[in-house]
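Have the viewer open and follow along.

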Amino acid sequence: MIRVLVVDDDPMVCAHVRTILGTAEDLDVVAEAYDGAEAVEAVLRHRPDVVLMDLHMPGVDGLTAIQKISELKQPPAVVALTTFDGDHYILRALRSGAAGYLLKSTPPKDLIGLVRVAANGHTVMSPAVSHRLIANTVERRPAQSALLAELTERETEILTCLGDGLSNAQIAARVHLSEGTVKNYISQILVKLRCANRTQAGLLAYDAGLCSRP
């Protein structure tokens with residue numbers, strides 16, 4: 001069973017998302033929170049696998065909450081669920097530690113599937129968000145490509161795994177390292193390549209011919 005926390009300052013939105021996810025037998029909305037501070041407390045109390053986080057809330061906003069949750073030991077996958085699709089919001093959320101960025105216009109069936117994907121350790125994006133992110137990456141790609149030569153052999157191997165769309169657990173199994181070590185390598189790779197998140201790094205790996213698919 002995948003445990004989900006829904007965070008939004010509008011109780012009607014929380015109720016709507018709870019109703020949608022409640023139609024899936026393997027998803028359980030364990031709690032709702034109405035601002036970022038409540039979200040952090042709810043994560044500690046209920047230990048969800050996935051948090052669906054609104055960004056604009058009174059008090060502690062979603063971006064701050066995402067960062068605080070990502071700093072916890074064994075944090076859940078936090079996915080932004082918002083109406084805002086501007087580059088500024090997308091990049092700030094991902095840099096704060098979000099595991100994905102979905103728009104509230106996401107169809108119910110797709111939302112259910114994407115929550116499952118996020119719970120398995122993969123990045124999830126609404127199509128419009130992916131297009132913006134890819135465009136942002138393309139603009140910076142020449143400089144990033146030059147940085148590939150600075151990666152160590154092990155970092156290149158893990159970058160290839162990102163390009164293949166593997167989760168941290170799957171990468172750890174492929175390269176025979178602990179998940180914690182893999183996470184550290186990924187952080188180093190993102191810094192070296194100046195990528196905001198693993199999705200951008202994976203696209204760069206694909207374009208460089210390191211893997212078979214984006």
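## Starting point: S96

Let's begin with S96, which lies in helix α4; helices here are DSSP runs of H or I with at least four residues, strands are E runs of at least two, and both are numbered from the N terminus. S96 counts as buried because its relative accessibility is 14%, where buried means under 20% relative accessible area, exposed means over 50% and partly exposed is in between (1.4 Å probe, protein chains only). Setting aside neighbours within four places in sequence, S96 is in contact with L63, I66, Q67 and S70, contact being heavy atoms within 4.5 Å.

Some housekeeping: this is a predicted model, in which local features need pLDDT of at least 70 and side-chain atom pairs count only at pLDDT 80 or more, while totals for chains, interfaces and linings use all residues. Residues are numbered from 1 along each chain as its sequence is written, and side-chain values use heavy atoms, with hydrogens and water left out.

## The sheet

Six strands make an open sheet in the order β2-β1-β3-β4-β5-β6, with parallel pairing. β2 and β6 (124-125) sit at the edges with a single partner strand each, so one side of each has no neighbour in the sheet. Two strands count as paired if DSSP finds at least two bridges between them. β1 and β2 pair in the parallel sense over six bridges, and L5 has A31 as its bridge partner in β2.

Further in, strand β1 (residues 2-7) is joined to β3 by four bridges, and the two run parallel. V4 has V50 as its bridge partner in β3. Four bridges also join β3 to strand β4 (residues 77-82), again running parallel, and V50 stands opposite A77 in β4. From β3 the chain crosses through helix α3 (residues 62-70) to β4, and this β-α-β crossover is right-handed; that is, with the strands pointing away from the viewer, the path from the first strand over the helix to the second runs clockwise.

Which residues of strand β3 (residues 50-53) are buried on each side? V50 and L52 are on one side, V51 and M53 on the other, and all are buried, which leaves both faces of β3 covered. In a regular strand the side chains alternate between the two faces of the sheet.

Over in strand β2 (residues 27-33) you'll find V30. V30 counts as buried because its relative accessibility is 19%. Leaving out neighbours within four places in sequence, V30 touches R3, V4, H46 and P48 by the contact criterion. V30 and R3 are 27 residues apart in sequence but 6.0 Å apart in space, C-alpha to C-alpha.

## Helix packing

Helix α7 (residues 153-163) has these buried residues: E155, I158, L159, T160, C161, L162 and G163. The buried residues of α7 pack against α8, α9 and α10 (198-207). Just after α7, G165 takes a positive phi of about 80°.

In helix α10 there's L204, which counts as buried because its relative accessibility is 1%. L204 and G62 are 142 residues apart in sequence and 28 Å apart in space, C-alpha to C-alpha.

## Pocket and cavity

Both come from a 1 Å grid over the protein atoms alone: a cavity is a set of points where a 1.4 Å probe fits but cannot get out, a pocket is an open set with protein on both sides within 12 Å along at least five of seven lines, and lining residues have an atom within 4 Å of a point. Grid points are joined across faces, edges and corners, and a volume is the space filled by probe spheres set on the points.

The largest pocket holds about 1100 Å³ of space. It is lined by 36 residues, with P75, G97, N168, K183 and R198 nearest its centre. α9 gives the most to this lining, with six residues. By class the pocket lining has 17 nonpolar, 12 polar and seven charged residues, taking Ala, Val, Leu, Ile, Met, Phe, Trp, Tyr, Cys and Pro as nonpolar, Asp, Glu, Lys and Arg as charged, and the others, Gly among them, as polar. As for the largest cavity, its volume is about 30 Å³, and its lining is V6, V7, D8, V13, V17, L52, D54 and L81.
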